[in-house]
Amino acid sequence: FPPAVFPLSCVVQNYSWGKVGLESEVAKLVASGDPLVQIQPDQPYAELWMGTHPRGDALIRDNRIPQKTLGQWIADNPVCLGAKVKDAFQGHLPFLFKVLSVNTALSVQAHPNKELAAKLHAQFPEHYPDANHKPEMAIALTPFEGMCGFRPVEEIVSFLQNVPELRALIGEVAAEQLERSGSDDPRGVSAALRVCFTRLMKSEKKFFVDQLNMLVKRISQEAAEGKDTSGSNGELLLRLHSQYPGDIGCFTIYFLNLVRLEPGEAMFLGANEPHAYLHGDCVEVMACSDNTVRAGLTPKFIDVLTLCEMLNYTPAPSSSKILPATQSQLDPHVYLYDPPVPDFTIMRIEIPASIKLYLISAMDSASILLVIQGTAVGTSTAAASEMSLRRGSVLFVSANESISLHLSSPEGMLLFRACCLL
């Protein structure tokens, strides 16, 4: 039998928003996983892609396997996905697993549902490269900040009353409509919110740049005088403006929840949910798609009309965006992050130092295993030889295969395992 459990060498994306050199968790993992890699101290290391995406297909680190990449190997051995996954996702790995190291904000964006993705892909294939939806889940590795979903209306109204520059952009009529909309009429609230946000995003460039400059100047002065600027979300505004001066995205902080995650906490981003990651390191898993509709905090193609049309305008507190992990019934060392979509699940596996032998159990799905901390030797009947695992190691595990870990580190182990539980 060809090996069905094997190590991977994964592709790094050096996007400009990434943390630089060894400040980046991505760079640290890569350097630790492969000591031959040279980390450039002034280069951003933004994302590590663990999967079969054509722009970052993982290389197989096992010279007994004739296929060079994981995508080629799965195409030739689709049974490895597990029977249900293979049928449900037409012989493709349904998820892309990543590590992100965010230094400056990512664009304000949302990902389409399947219906919209198919339409956008048919009309504008150069901007929307496939017809799939792209729900995502992020789990913090370090304290992590992002914006996600529309704030409760009372918070937005409070900013409309405290930030005259924001009110000027939206206009008195739309602002009053939101202020008058009652919680007993959720459709009315969503409609008013849609009007306000669309007016903001479609405001005339020269007008919003003037208003933004006035706002930045006013908040800078207030901060210099030691005044409290939290009523205008001053600290975040100045930070985003320093990263993306003159960008309409700076105003989205008054509409979107600020979500702060501690290590191990997760947020789930469903279709049409507006979001922007701001700072920190996380593991992320998503449906295998590249469809992103952007509208600010970015030099890339922006599609304001599509974004404003597609968004989910349901206000909700930031706490509602955090997806709790549940401890596995079968194994107390496993915590499950199981989002409301079928495409992916993540397991966090925490093995205490007292345990010297641990079984990564077989499941009816292919999975990708990432070591965040600790060292072990892994053995599997499906592997060609024993595998040395350390921080940054990535393994592909075919469906119905297990791995025995012989732990050798005094601090125990932390691993994340991405899979598809149908």
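The model is predicted. For residues 169–256, an unreviewed UniProt entry lists the domain "Phosphomannose isomerase type I helical insertion". In the model this span is 65% helix and 1% strand, and its end C-alpha atoms lie 17 Å apart.

Turn now to the contact between domain 1 and domain 2. Domain 1 gives 21 residues to the contact, and domain 2 gives 27 residues. The size of an interface is often given as the accessible area lost when the parts come together. Here domain 1 and domain 2 bury about 1900 Å² between them, with 68% of that area on carbon and sulfur atoms. On the side of domain 1, Arg151, Phe255 and Leu297 supply 45% of the area buried against domain 2, more than any other three residues.

Polar interactions also cross this boundary. Between domain 1 and domain 2 there are 10 residue pairs in polar contact, counting pairs with both residues at pLDDT 80 or more. The elements of domain 1 that give two or more residues to the side touching domain 2 are the strands β10 (144–150), β11 (256–261), β13 (275–287) and β14 (293–296). By residue class, that side divides into 13 nonpolar, 6 polar and 2 charged residues.

What is the count of salt bridges between domain 1 and domain 2? The count is 2. Elsewhere in the list of charged pairs, the side chains of Arg239 and Glu145 meet in a salt bridge, with an N to O distance of 2.8 Å.

The count of salt bridges by the same rule comes to 20. Asp290 forms a salt bridge with Arg55, and the closest N and O atoms are 2.3 Å apart. Asp290 lies in the loop between β13 and β14, and Arg55 in the loop between β5 (47–50) and β6 (59–60), so this pair ties together parts that are 235 residues apart in sequence.

Methods. Residues numbered from 1 in each chain as written. Predicted model: local features only at pLDDT ≥ 70, side-chain atom pairs only at ≥ 80, totals over all residues. Heavy atoms only, no water. Contact = heavy atoms within 4.5 Å. Buried area = accessible area lost by both parts, 1.4 Å probe. Salt bridge = Lys/Arg side-chain N within 4 Å of Asp/Glu carboxyl O. Polar contact = N/O pair within 3.5 Å; in protein donor to acceptor, adjacent residues only side chain to side chain. Helix = DSSP H or I, 4+ residues; strand = E, 2+ residues; numbered from the N terminus. Nonpolar A, V, L, I, M, F, W, Y, C, P; charged D, E, K, R; others polar. UniProt positions renumbered as here; feature names shortened; annotations may be inferred.
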